[in-house]
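The topics are arranged from the fold to the contacts between chains.

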Amino acid sequence: MSAYNEIKEKNKIYSEYFLSSEAVLKKYDIDAGACEDIKESFGLVEDMLLYFTLTTLSN
Amino acid sequence: MESSEFRSKLFTDVLKGVKPKRVPEACGVNACAALELAGYDLRSAQYGYTKVLEAAEKLNAKYDTDTLIGTWPAMPYVTKAIGSRTNVMGADGFMQHPNVHIMEPNEYDALIRDPLKYMWDEQMPRAFTEFSEPWPNNAFALMKAFLMEKEVGMKMFMANYEMSLKYNKSTTPVLTGISRAPFDYLADYFRSFTGALTDIRRYPDKVLKAVETLKPLMVRGALASTAGAEPTREGNRIFFALHMATYMRPKDFQKFWWPTFKETIWDVYNAGFGILIFAEENWMQLLDCFDELPPLCHIMFEYGDAKIIKEKVGKKHIIQGLYPVDLLKRGSKEEVTAKAKELLDVMAPGGQYIFDFDKSILRAKQVNWDNFGYLVDCVKEYGKY
């Protein structure tokens with residue numbers, strides 16, 4: 001795991017808005033085989049939300 | 001004339017801890033000053049980028065600075081799109097930050113339990129009136145703000161890059177992302193300046209827990225700014241504008257402010273980013289703290305004793321700032337250049353120094369612009385190693 005990802009994991013944010021893998025599978029009826037792809041997409045959305053949260057407040 | 005490449009290398013050398021050919025200067029000039037010099041009314045000229053670029057072009061053609069000046073404007077159209085209460089245009093068109101409190105003290109538990117949920121459910125709609133509109137209008141407001149910021153930001157970025165090459169300015173990026181000290185974030189966007197200082201006496205445990213809860217957000221928000229690209233310390237610097245620290249008692253600073261800031265900085269650094277800090281106000285009583293941060297943090301100082309700052313901070317970190325911008329208004333050419341030489345004599349030895357004002361020129365009438373030109377030329381000549 002790269003240092004970047006280690007730090008990301010260390011600073012994991014727990015929120016009702018961020019679904020676990022299990023919750024993603026259940027909520028969206030996702031095929032288990034596609035779960036990793038979906039998780040990656042959701043991860044990008046999470047990053048975008050975090051970036052919004054930090055930068056929007058500067059406005 | 002020095003090339004853009006030469007000037008860019010002056011900065012990258014300093015950022016790597018290498019002594020450059022001469023001291024680079026990054027004398028900050030706000031876009032509002034450029035607009036006023038070009039004869040524009042701030043109340044309308046900031047709504048877009050065409051007048052900003054036109055004004056910046058005139059300024060950069062005239063002054064032989066190392067970096068592009070007078071370019072990045074505020075974006076009042078973005079704050080208008082979201083109905084910001086924290087960033088509003090003053091009567092003369094200059095953007096102001098009113099001391100508003102968005103969160104009540106009895107909401108600490110909700111913030112600590114799920115900060116993201118609290119912020120988007122409660123805090124954002126209060127800070128930004130358009131987010132309190134019923135769905136989907138609130139979603140549209142966010143999308144408008146995001147896309148305007150992205151579109152205009154990208155056009156400004158490209159135009160600035162071309163202008164940098166045209167006028168032989170450095171293209172070394174100043175910063176690529178922002179983050180905050182967790183306590184500053186709590187004070188500036190939740191509880192206000194006065195509210196946060198009151199809370200550390202009335203609800204110390206909740207404040208401590210709140211800043212610990214906010215710290216991961218400060219790190220993840222910074223990391224997200226690279227959009228997945230591999231960060232580099234010289235090319236990707238995360239900017240921290242420090243606010244509350246110098247207004248706190250030292251023991252409160254040590255307890256409430258410093259620990260989570262230090263952890264944030266180390267995490268961002270260890271993820272591969274460079275660190276750019278604006279140490280607002282006077283940090284003389286707190287200088288030793290900077291020794292606990294990773295090496296080669298780029299720290300912009302506002303006030304303080306240059307000799308002591310160089311001695312205590314300048315060996316480990318990169319220092320920028322400290323030239324009293326007020327002197328450009330009241331001083332003669334001789335006084336302006338003598339002060340620059342005095343500062344360079346102290347700060348330049350050994351490198352790791354970027355010449356700059358204590359604070360940027362915000363308005364056109366703030367300085368005598370002839371003095372600005374004399375100063376820039378003086379630094380280039382006298383700052384040679």
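Two residues are said to touch, or to be in contact, if their C-beta atoms, placed from the backbone, lie within 7 Å. In this predicted model, B:L186 touches B:R191, B:A196, B:A210, B:V211 and B:L214, leaving aside residues up to four places away in sequence. The model has an ipTM of 0.88 and a pTM of 0.94.

**Confidence**
- Chain B has a mean pLDDT of 95, and 99% of its residues reach 70 or more.

**The sheet of chain B**
- Chain B contains an open sheet of six strands, in the order β3-β4-β5-β6-β7-β8, with parallel pairing.
- At the edges of this sheet stand β3 (177-179) and β8 (353-354) of chain B, each of which pairs on one side only.
- Helix α12 of chain B, residues 250-270, packs on the sheet and touches β3, β4 (237-242) and β5 (274-282) of chain B.
- The direction of α12 of chain B makes about 155 degrees with that of β5(B).
- Four bridges join strand β6 (residues 298-303) of chain B to strand β7 (residues 318-321) of chain B, in the parallel sense.
- Opposite B:F301 stands B:G321, which lies in β7(B).

**The nonpolar core**
- The largest nonpolar core has 114 residues, of which B:L186, B:V268, B:I275, B:I277 and B:I299 touch the most other members.
- Helix α11 (residues 204-224) of chain B provides the largest share of this core, with ten residues.

**B:R113**
- B:R113 belongs to helix α6 of chain B, which covers residues 108-113.
- B:R113 counts as partly exposed because it has 13 C-beta neighbours inside 10 Å, whereas a residue is exposed with 12 or fewer and buried with 20 or more.
- Between B:R113 and B:T213 there are 8.6 Å in space, C-alpha to C-alpha, although the two are 100 residues apart in sequence.

**Contacts between chains A and B**
- On the side of chain A, 20 residues are in contact with 27 residues of chain B.
- Helices α1 (3-10) and α3 (35-56) of chain A each supply at least two residues of the side of chain A that touches chain B.
- The largest share of that side, six residues, comes from α3(A).
- By class, the side of chain A that touches chain B comprises nine nonpolar, six polar and five charged residues.

Key
Residues are numbered from 1 along each chain as its sequence is written. Chains are lettered from A and ligands numbered from 1 in the order in which they are written. This is a predicted model: local features need pLDDT of at least 70, side-chain atom pairs count only at pLDDT 80 or more; totals for chains, interfaces and linings use all residues. Two strands pair if DSSP finds at least two bridges between them. Axes are lines fitted to C-alpha atoms, for helices over the stretch in contact, and angles run from 0 to 180 degrees between N-to-C directions. Ala, Val, Leu, Ile, Met, Phe, Trp, Tyr, Cys and Pro count as nonpolar, Asp, Glu, Lys and Arg as charged, and the others, Gly among them, as polar. A nonpolar core is a set of buried Ala, Val, Leu, Ile, Met, Phe, Trp, Tyr and Cys residues joined through C-beta atoms within 7 Å. pLDDT is the predictor's confidence in each residue, from 0 to 100.
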